[in-house]
Amino acid sequence: MSMNLLRLFGGRNASAPVARERLQILLAHERGLLGQSDLLVTLREEILAVVSKHVALDPDKVIVKLERGKSVSTLEVDIEVPNDFDKAKAAIQRRMAG
Amino acid sequence: MAKVLVVTSGKGGVGKTTSTAALGAALAQGGQSVVVVDFDVGLRNLDLVMGAERRVVFDLINVVQGVAKLPQALIRDKRLENLWLLPASQTRDKDALTDEGVGRVIAELRSRFDWILCDSPAGIERGATLAMRFADEAVIVTNPEVSSVRDSDRIIGMLDSKTVRAERGERVEKHVLITRYDPARAARGEMLNIDDILEILATPLIGIIPESQDVLKASNVGTPVTLNNAESAPARAYIDAARRLMGEEVAMVVPAERKGFMNRLLGRRAA
């Protein structure tokens, strides 16, 4: 809407308003990404450490995602646990005891 | 108190070196003692734009590594006696520069000059981070064009996180310098306008340099544009920007379109 209005005033083929809108959207995304990358890495490592105390895990199967919404964001933690994690857990406990 | 000012942009080819030379000369013309330091190791060009390419003996890396003393590497400008150049090395690579070594050289320059202008290489890697590392102020050179504005935004983020000042919880004073501004294209809406750029980058403006043949002419002859033709539009814009850096209040002049005869005759609006 606002873009169309600006186009009307800006002349027939004004591309500057398009450039502005594209930049605003892109930079909002990139600024968030840069600020958060460290947070996500830290979260992933700490979650992995806590869960690994009790369940044997493949570190590559721990996925931490942050979806940014307008008013709320969701943190999604996806951990794949092997079916025989009980046995694996026993193995960890034996190792820790011995 | 000496001020360290980095001239940076992220994107290449936007006018960092031209702007470093022009602002450095303008500050020197204003009576300040100035050194311009080239951080573009391996691709130095500030010497060429300043017309000192045949006088380079020692360079920044030689000083960082202790091969030469600082006074041996400093080159005095032939036109202005209070303007100096510290060139980059053309043969070595940027890995020869260390954080600690650059810090030492900057500290020594601070004791000798009012202004230390660091001409950053393009990119966001070691050369660029070292050029901004010890800065008190930054001039972010931006063209009115999407890729340049995006890269400027990235560089602003780095100035707020990777500099010594940022790590101490202090601020680097940042200014946007818009270069290659074409008023006719801006009026037709083909070029990002200044308010849009400033709104997106949320950083104050230090000057608007119009696109001009005078800039190329000056670099062709190896003279900062402010010295080559002080009356030209880009020179006046750089001189105003330098005065603002020195704390003066100077009204901002937005380069206006010089309407052609036919356009005026037809009463064509530039909206």
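The exercises below concern a predicted model.

**Exercise 1.** Identify the residues with the most contacts inside the largest nonpolar core, and describe the surroundings of Leu97(B).

*Solution.* Step 1: the largest nonpolar core comprises 54 residues. Step 2: those with the most contacts inside it are Phe39(B), Leu86(B), Leu97(B), Leu109(B) and Ile116(B). Step 3: with neighbours within four places in sequence set aside, Leu97(B) is in contact with Phe39(B), Val41(B), Leu60(B), Ile61(B), Val64(B), Val102(B), Arg126(B) and Leu130(B). Step 4: another core, of 35 residues, lies apart from the largest one and includes Ala22(B), Ile75(B), Val139(B) and Ile206(B).

**Exercise 2.** Characterise the lining of the largest pocket.

*Solution.* Step 1: the volume of the largest pocket is about 470 Å³. Step 2: 24 residues line this pocket, and Gly13(B), Val14(B), Gly15(B), Thr18(B) and Val215(B) are the closest to its centre. Step 3: in chain B, helix H1 (16–29), strand S7 (173–181), strand S8 (205–210) and helix H11 (213–221) each give two or more residues to the lining. Step 4: H11(B) supplies the largest share, 4 residues. Step 5: by class, the lining holds 8 nonpolar, 10 polar and 6 charged residues.

**Exercise 3.** Describe the contact between chain B and chain A, and state which residues of chain B lose the most area to chain A.

*Solution.* Step 1: 15 residues from chain B and 15 residues from chain A take part in the contact. Step 2: the two chains bury about 1,300 Å² between them, with 56% of it on carbon and sulfur atoms. Step 3: on the chain B side, Val146(B), Arg150(B) and Ile200(B) lose the most area, together 38% of what that side buries.

Note on methods:
Residues are numbered from 1 along each chain as its sequence is written. Chains are lettered from A and ligands numbered from 1 in the order in which they are written. This is a predicted model: local features need pLDDT of at least 70, side-chain atom pairs count only at pLDDT 80 or more; totals for chains, interfaces and linings use all residues. Side-chain values use heavy atoms; hydrogens and water are left out. A nonpolar core is a set of buried Ala, Val, Leu, Ile, Met, Phe, Trp, Tyr and Cys residues joined through side-chain atoms within 4.5 Å. Buried means under 20% relative accessible area, exposed over 50%, partly exposed in between (1.4 Å probe, protein chains only). Contact means heavy atoms within 4.5 Å. On a 1 Å grid over the protein atoms alone, a cavity is a set of points where a 1.4 Å probe fits but cannot get out, and a pocket is an open set with protein on both sides within 12 Å along at least five of seven lines; lining residues have an atom within 4 Å of a point. Grid points are joined across faces, edges and corners, and a volume is the space filled by probe spheres set on the points. Ala, Val, Leu, Ile, Met, Phe, Trp, Tyr, Cys and Pro count as nonpolar, Asp, Glu, Lys and Arg as charged, and the others, Gly among them, as polar. Buried area is the accessible area (1.4 Å probe) that two parts lose on being put together, summed over both.
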